[in-house]
Amino acid sequence: MYFVDNQNNYDASVNIAIETYLVENRLVDEPILLFYINAPSIIIGRNQNTIEEVNQSYVEANDITVVRRMSGGGAVYHDLGNFCFCLIKDDDGSFRDFASFTQPMIEALRKMGATSAELKGRNDLLVDGRKFSGNAMYAKNGRMTAHGTVMFKSELDEVNNALKPNKAKIESKGIKSVRSRVTNILPYVDEQYKELSTEAFRDIILLEIFGVEKREDVKEYHLTEEDWKKIYEIREERFGNWDWNYGQSPSFDIQKSHKFPFGLVDFRFNVKAGKFTEAKIFGDFFGLGDIADVEKVLVDTKYDRASVNEVFNGIDINKYFGNVTQDELVDLIF
């Protein structure tokens, strides 16, 4: 087995592009182990509805990156207290065999004091009955990756803040994430590991998995300049691209309504591929213009705050709705 160093890159779109490149290109004749740590980000499952899974206003306010990965499963929150581990290899029939994939990580953590670490159910790692790792798999053209997370000192409140969408009536074809009781592994490891940075903890795990005492003894494949060029091409085509991260969302219907002092505003939207395909606005407010004018300009607009704000900048909001601010309407939509 080889290790690939991501050179401490914390950009989720780059890291997932590295992993994808290693799956889609057979660079060595042995399995590859990849670790990476992402700055605050939400990683969306391949078949999920991004807009349904994230608290979009919170994501935007806190500069959280949203990236859709290649594998299925649910949405997960990553930050600098969490690290990801990926085993990339030829598909030898072990697809969906999470037990064999996660066993080296479980054994390493048990040696470090987390003696109750275990695989539970299909693809979760638990300690004392609480989840600290979710895992998924992806295969293409005879190659596969099995990847998972280890929450070491993650901000647990942020998991709920970022992944809890605003309440609304949403009917979706997307696969909804199952929220589980989560914990960091930090409280369960021996004292000597508790003051370590996520990077230092990750590096000890690396030595344990390879069964060596020094970093230079780890067998490694070094990404070349040409490798990096192709990785960034993948990033631009997919993981750094709005159409991939949001536009792949399945179609859905949304209703958002609120009783303002001036009256009820009831938005009804059809959204497909991340854009409004139809908009209807109902309510008992007193507008001077034809509300159909507003509905028309929303069609084909991206379903995100910046795009709707741009549309509303060209509209006399008070003319159509009454005594309301643009921010209040945008907040209602999102």
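Basis of the entries. I worked on a predicted model, in which local features need pLDDT of at least 70, side-chain atom pairs count only at pLDDT 80 or more, and totals for chains, interfaces and linings use all residues. Residues are numbered from 1 along each chain as its sequence is written, and side-chain values use heavy atoms, with hydrogens and water left out.

Backbone entries. I placed Gln 7 in the loop that runs between β1 (2-4) and α1 (12-24). Its phi is near 60 degrees, which is a positive value in a residue other than glycine. Helices (H or I, at least four residues) and strands (E, at least two) are DSSP runs, numbered from the N terminus. I then turned to Ala 273, another non-glycine residue with positive phi, here near 55 degrees. Ala 273 lies in the loop between β13 (263-272) and β14 (275-283). With a relative accessible area of 39%, Ala 273 is partly exposed.

Aromatic entries. I recorded 15 aromatic pairs in the structure. For Phe 260 and Phe 262, the ring centres are 5.2 Å apart and the planes stand at 10 degrees, so I list the pair as stacked. Rings of Phe, Tyr and Trp (its six-membered ring) pair if their centres lie within 6.5 Å; planes under 30 degrees apart count as stacked, over 60 as edge-to-face and the rest as tilted. Phe 260 counts as buried because its relative accessibility is 8%, and Phe 262 counts as buried at 17%.

I next noted the pair Phe 267 and Phe 269, which is stacked, with 5.5 Å centre to centre and 25 degrees between the planes. Phe 267 has 0% relative accessibility and therefore counts as buried; Phe 269, at 2%, counts as buried.

Charge-over-ring entries. I applied this criterion: NZ of Lys or CZ of Arg is within 6 Å of the ring centre and within 35 degrees of the ring normal. The charged end of Lys 219 sits over the ring of Tyr 2, 4.5 Å from the ring centre. I also found the charged end of Lys 302 over the ring of Trp 242, at 4.4 Å from its centre.

Conventions
Buried < 20%, exposed > 50% of the residue type's maximum accessible area, 1.4 Å probe, protein only.
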